[in-house]
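Please look at the sequence and the 3D structure first.

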Amino acid sequence: MALMGYKTCGERFGSPYQIEKAIADGRLFKMETGVYSDDGSESEVEVLQWRYPESVITLGTAYYYYDLTDVIPETYDFLTARNARRIQDDRIRQYYIPAEVLKVGMVVRDCNGERIRTYDLERLVIETARMKCSLPSDLYKEVISAFRKRTDEIIPAKIGEYLERFPKRDRIERIIDEEVF
């Protein structure tokens, strides 16, 4: 299970003709323009994360993968560094954050056979509080309720450790204290 770009395929198979022959023979799978796979088992979200390696799945998409909501997201929510280039893909809704906190709490998680880069529950609580005003109120209430039911899985000390790196941490911490714990 390995994704690769056209250049890597060229190095491996030799020529555009050989690449097309490998696709026709079933030895190589074209996932989308410029993205190829050895076995074709990767999901759309895995392909997108391969294409945008400096992104992390967050908010609605992460809530769905963590079973915090049963709402299937229409687009994938990706968080990138504030200075990252704009992702021009209609399947992705992009959010920005300072680069120094992008990878805080990031994990690679297996969700129904898909390996995704997302955040642990503690960081997801922070993202929810941080983005409170941007989330639809019904989704926010549903997710906060789900967090309350899972407080035994959430480590408050980890949240405190993560918050030390965030701007506006006092506001985020107040929201978490009042609404989650």
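The points below are grouped by topic.

This is a predicted model, in which local features need pLDDT of at least 70, side-chain atom pairs count only at pLDDT 80 or more, and totals for chains, interfaces and linings use all residues. Residues are numbered from 1 along each chain as its sequence is written, and side-chain values use heavy atoms, with hydrogens and water left out.

**Helices α6 and α7**

- Helix α6 spans residues 121–130 and helix α7 residues 137–149; their axes come within 11 Å and cross at roughly 145°.
- Helices (H or I, at least four residues) and strands (E, at least two) are DSSP runs, numbered from the N terminus.
- Axes are lines fitted to C-alpha atoms, for helices over the stretch in contact, and angles run from 0 to 180 degrees between N-to-C directions.
- The α6 and α7 crossing is left-handed, meaning that the near helix is turned anticlockwise from the far one by less than a right angle.
- On the α6 side the contact involves Leu-121, Leu-124, Val-125 and Thr-128, and on the α7 side Tyr-140, Val-143, Ile-144 and Phe-147; contact means heavy atoms within 4.5 Å.
- Seven of the residues in this contact are nonpolar, one is polar and none is charged. Here Ala, Val, Leu, Ile, Met, Phe, Trp, Tyr, Cys and Pro count as nonpolar, Asp, Glu, Lys and Arg as charged, and the others, Gly among them, as polar.
- Helix α6 is mostly covered, with ten of its ten residues buried. Buried means under 20% relative accessible area, exposed over 50%, and partly exposed in between (1.4 Å probe, protein chains only).
- The buried residues of α6 include the charged Glu-122, Arg-123, Glu-127 and Arg-130.

**Salt bridges**

- There are 14 salt bridges in the structure, each being a side-chain nitrogen of Lys or Arg within 4 Å of a carboxyl oxygen of Asp or Glu.
- Asp-38 pairs with Arg-12 in a salt bridge whose closest N and O atoms are 2.5 Å apart. Because Asp-38 is in the loop between β3 (35–37) and α3 (44–51) and Arg-12 is in helix α1 (residues 6–13), this pair ties together parts 26 residues apart in sequence.
- Asp-38 is partly exposed at 26% relative accessible area, and Arg-12 is partly exposed at 46%.
- Glu-32 and Arg-51 form another salt bridge, with the closest N and O atoms 2.9 Å apart. Glu-32 sits in strand β2 (residues 29–32) and Arg-51 in helix α3, so parts 19 residues apart in sequence are tied together.
- Glu-32 is buried at 18% relative accessibility, whereas Arg-51 is partly exposed at 29%.
- A network of salt bridges links Glu-32, Glu-44, Arg-51, Asp-89 and Arg-91.
- Asp-25 and Arg-27 also meet in a salt bridge, at 3.4 Å from N to O. Asp-25 is partly exposed at 48% relative accessibility, as is Arg-27 at 41%.

**Cysteines**

- The count of disulfides is zero, a disulfide being a pair of cysteine sulfur atoms within 2.5 Å.
- Cys-9 is buried at 0% relative accessibility, whereas Cys-133 is exposed at 77%.

**Lys-168**

- Lys-168 is in the loop between α8 (156–163) and α9 (169–179), and is exposed at 65% relative accessible area.
- The C-alpha atoms of Lys-168 and Arg-130 are 8.7 Å apart, although the two residues are separated by 38 residues along the chain.
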